[in-house]
Structures are given as C-alpha cells and as structure tokens.
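Opened the notebook for a quick look through this one.

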Amino acid sequence: MSKVLYNMNKKDILIVCALEMETQGQLNDYNVIYTGVGKVNAAISLTENITPRRPIKRVINFGTAGSRSLPIGELVECTQFVQRDMDKTALGFKKGETAFEDNVPMVIGCEHGMVCGTGDNFVQDINKELDIIDVFDMEAYALAKVCRRYNIPFTSYKYITDNANEKSAKDW
C-alpha cells in the first residue's frame, strides 16, 4: 500500500465494491460501500456517499474482472479506465469515447499501467473489444469518472476471475 494511505485515517478512505461477495467479509473494519452491479448503480452509490457531510480523501475500488492475457487468480492495479461499451462511431467518434462531452478524456487516469474497460455486459467475443484493454469489469470507469468530477484520488484493484471469452459468465 502506498505511503499516502498509511498517513490517512480509515474514515478518510472509502472502499467501493459492487457486491459483498467480492470482499468475502475481509473489510469489516473499513469504510465500505457495495454499489450493486453496473455503471449506473456504481455512479449513483458513490455520488451519494461523497457528499460534503462525509468528506472522502481517497476512493479505492476492489472487484472482480476478466482479462484476455492475465491468469485467473491474479490481482492487479488498474490506473486507466475506458467505457468499453460506449459506441458512437456512427457519429464519427472513437469507440469508447463519449459523444459531445467537453474536457473528459476517452481514457481516464494515469498515462501508464493496466487499462480497465468497463461495460454492462460480460465479454464473450474478445475480437469486438478495444485492443488497449487489459481487464474487463462493470463499474470502474463510472467510479473513476465520479472521482475525477469531484477531484478525489481513485485507485482500483481487480481480481482476475475469467479469461474474457465465451466461458466468462460460468468462470466468474
């Protein structure tokens, strides 16, 4: 864990997971919220939990993900996030780019590290996905975007559960 986290009070950090089963009860002493599955649930739940009444200095996302190249069982830190199921290419935008949005990059986050592609479906055909994506999930992009909007540092850790293919749902 980074030095920054050691200097923070547990109350300053909000851990965000989609489902309680993803933490297996290991985070009971921490400030944790469970958002439910998907980008909309994640954005609503996080936004409700970072109000001025409850100042948060860092958001940490922990959850499961698929990957085309990482082995099942691997735990990785994701530093870049793209909305993989945003497709406005018919309007001249790049796949993953949100149409008509000012000052928000297609990929949110640092310039290096694992790229997490977020979408509201299980990946079943890797050939239809952006080549830049290392791991696939259903919430991280929305969480990263909320944190960007409210200027809160964001970190995401993903546990690889499947190989982002036709067996993804069963493997997860």
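Before anything else, a note on what I call a helix: a DSSP run of H or I with at least four residues, numbered from the N terminus. Also for the record, this is a predicted model.

**Entry 1, the end of α3.** I looked at what comes after α3 and found N151, which has a positive phi, near 55°.

How many of the 10 residues of helix α3 are buried? I get seven, so the helix, residues 140–149, is largely enclosed by the rest of the structure. The buried ones are A140, Y141, A142, L143, A144, V146 and C147.

I went on to the packing with helix α2, residues 39–48: the two axes come within 8 Å and cross at roughly 35°. I noted the crossing as right-handed. Who makes the contact? From α2 I listed K39, A42, A43, L46 and T47, and from α3 A142, L143, V146 and C147. Sorted by class, that contact has seven nonpolar residues, one polar and one charged.

My count came to two. F81 and F154 make an edge-to-face pair, 5.2 Å centre to centre with 65° between the planes. I then looked up where they sit: F81 is in strand β4 (residues 75–83) and F154 in strand β8 (residues 154–162), so this pair ties together parts 73 residues apart in sequence. Both F81 and F154 are buried.

The other pair is F93 with F100: ring centres 5.2 Å apart and planes at 75°, so I put this down as edge-to-face too. Buried or exposed, for F93? The cut-off matters here, because buried means under 20% relative accessible area. F93 has 19%, so I file F93 as buried. F100, at 69%, counts as exposed.

T79 is buried, with a relative accessible area of 14%. What does T79 touch, leaving out residues up to four places away in sequence? I wrote down I108, G109, C110, H112, G113 and M114.

Notes: Residues numbered from 1 in each chain as written. Predicted model: local features only at pLDDT ≥ 70, side-chain atom pairs only at ≥ 80, totals over all residues. Heavy atoms only, no water. Phe/Tyr/Trp six-rings, centres within 6.5 Å; stacked < 30°, edge-to-face > 60°. Helix = DSSP H or I, 4+ residues; strand = E, 2+ residues; numbered from the N terminus. Buried < 20%, exposed > 50% of the residue type's maximum accessible area, 1.4 Å probe, protein only. Contact = heavy atoms within 4.5 Å. Axes fitted to C-alpha atoms, helices over the stretch in contact; angles between N-to-C directions. Left-handed = near helix turned anticlockwise from the far one by under 90°. Nonpolar A, V, L, I, M, F, W, Y, C, P; charged D, E, K, R; others polar.
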